[in-house]
Amino acid sequence: MSSNISVYKICGFCGLEFLAKKTTTKYCSLKCASKDYKRRLKNQKIENSNLQTIKIKNQPLIDLKDKEFLRVRQLALLLGFSVKTVYRLINTKRINAHNFSKRKTLIRRSDIDVLFDQPRIGFEIVLQPTEQGKQAEIKDCYTITEIQKKFNISSGALYNLIKRNNINKFSNGKFTYVAKKDIEGFLK
Ligand SMILES: [Zn+2]
């Protein structure tokens with residue numbers, strides 16, 4: 001379509017103003033058009049490469065979602081926990097696992113799903129280790145300082161652990177106590 005119009009446009013590559021014969025013209029010259037094409041091609045390649053990288057990174061996770069049994073390391077990856085945390089959850093019986101041999105602990109995927117199907121029940125059973133409303137006796141408790149010394153843990157890490165696992169703690173006088181049986185499983 002030829003016409004006699006001239007319109008001022010900004011070149012899509014060099015950014016300079018130019019006089020175009022059509023309103024749809026994007027570039028000031030063939031050179032700019034070709035350079036922009038190459039630039040877009042390059043960007044597309046970079047983007048594809050990045051997508052590929054993301055895909056490869058996520059692949060293990062995608063594969064894990066279909067597995068019937070998981071190793072400890074795989075479950076950690078799936079849940080976004082550290083391996084240590086998963087072992088602790090197993091040791092405190094919050095996650096079912098079977099130990100076939102050293103380094104061969106398997107967790108059934110469906111057991112993990114069940115945890116999320118009934119979160120309320122799970123919480124009530126698991127997160128109230130001391131009997132209902134009854135505080136453990138002082139002789140069966142550690143103070144925060146005692147725990148820190150005995151298990152060589154910083155107070156920040158300890159409070160985090162208590163908070164994260166909803167471990168019961170109570171104050172008596174100027175001390176804060178935690179039942180030995182409530183905390184030991186997490187620290188041994
Ligand atoms: Zn240009």
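This is a predicted model: local features need pLDDT of at least 70, side-chain atom pairs count only at pLDDT 80 or more; totals for chains, interfaces and linings use all residues.

Reader: What does the chain contain in helices and strands, and how much of the chain counts as buried?

Author: The chain holds eight helices and eight strands. Of its 188 residues, 24% count as buried. Among contacts with a separation of 6 or more, 41% are between residues 24 or more positions apart.

Reader: Why is threonine 105 called buried?

Author: The relative accessibility of threonine 105 is 11%. Buried means under 20%, and threonine 105 therefore counts as buried. This residue lies in strand β5, residues 104-108. Thr105 belongs, with Ile107, to the covered face of β5, whereas Lys104, Leu106 and Arg108 make up the uncovered face.

Reader: Which residues are in contact with threonine 105, leaving aside its neighbours within four places in sequence?

Author: They are Leu70, Arg71, Val72, Ile90, Ala97, His98 and Asn99.

Reader: What makes the approach of threonine 105 to asparagine 99 a polar contact?

Author: The distance is 2.9 Å between the two side chains. A polar contact requires a pair of N or O atoms within 3.5 Å, one able to donate a hydrogen and the other to accept it. The side chains of threonine 105 and asparagine 99 are accordingly listed as making a polar contact.

Reader: How do you know that β3 and β5 are paired strands?

Author: Two strands pair if there are at least two bridges between them. Strand β3, residues 69-71, is joined to β5 by three bridges, and the two run antiparallel. Leucine 70 stands opposite isoleucine 107 of β5. Strand β4, residues 98-101, is likewise joined to β5 by three bridges and runs antiparallel to it. Here serine 101 has lysine 104 of β5 as its bridge partner. β4 and β5 form a hairpin with two residues between them, and arginine 103 in the turn has a positive phi of about 70°.

Reader: Why are β3 and β4 said to stand at the edges?

Author: The order of the open, three-stranded antiparallel sheet is β3-β5-β4. β3 and β4 each have a single partner strand, so one side of each is left without a neighbour in the sheet. From one strand to the next, the twist averages 35°. Helix α2 packs on this sheet, where it touches β3 and β5, and its direction makes about 95° with that of β3.

Reader: Why are helices α1 and α2 called roughly perpendicular?

Author: Helix α1, residues 30-65, packs against helix α2, residues 72-79, at an angle of about 105°, with the axes 10 Å apart. Angles of 65 to 115 degrees count as roughly perpendicular, and α1 and α2 therefore receive that description. Pro60, Leu61, Leu64 and Lys65 of α1 meet Gln74, Leu77 and Leu78 of α2 in the contact. By class, the residues of this contact are five nonpolar, one polar and one charged.

Reader: What makes β8 a paired strand, and which strands does β8 pair with?

Author: The criterion is again at least two bridges. Strand β6, residues 141-143, is joined to β8, residues 175-179, by three bridges in an antiparallel arrangement. Strand β7, residues 170-172, also pairs with β8 over three bridges in the antiparallel sense. Valine 178 of β8 is the bridge partner of tyrosine 142, and tyrosine 177 of β8 is that of phenylalanine 170. In the hairpin of β7 and β8, with two residues between the strands, glycine 173 takes a positive phi near 65°.

Terms used. Residues are numbered from 1 along each chain as its sequence is written. Side-chain values use heavy atoms; hydrogens and water are left out. Helices (H or I, at least four residues) and strands (E, at least two) are DSSP runs, numbered from the N terminus. Axes are lines fitted to C-alpha atoms, for helices over the stretch in contact, and angles run from 0 to 180 degrees between N-to-C directions. Angles under 35 degrees count as roughly parallel, over 145 as roughly antiparallel, 65 to 115 as roughly perpendicular and the rest as oblique. Contact means heavy atoms within 4.5 Å. Ala, Val, Leu, Ile, Met, Phe, Trp, Tyr, Cys and Pro count as nonpolar, Asp, Glu, Lys and Arg as charged, and the others, Gly among them, as polar. Buried means under 20% relative accessible area, exposed over 50%, partly exposed in between (1.4 Å probe, protein chains only).
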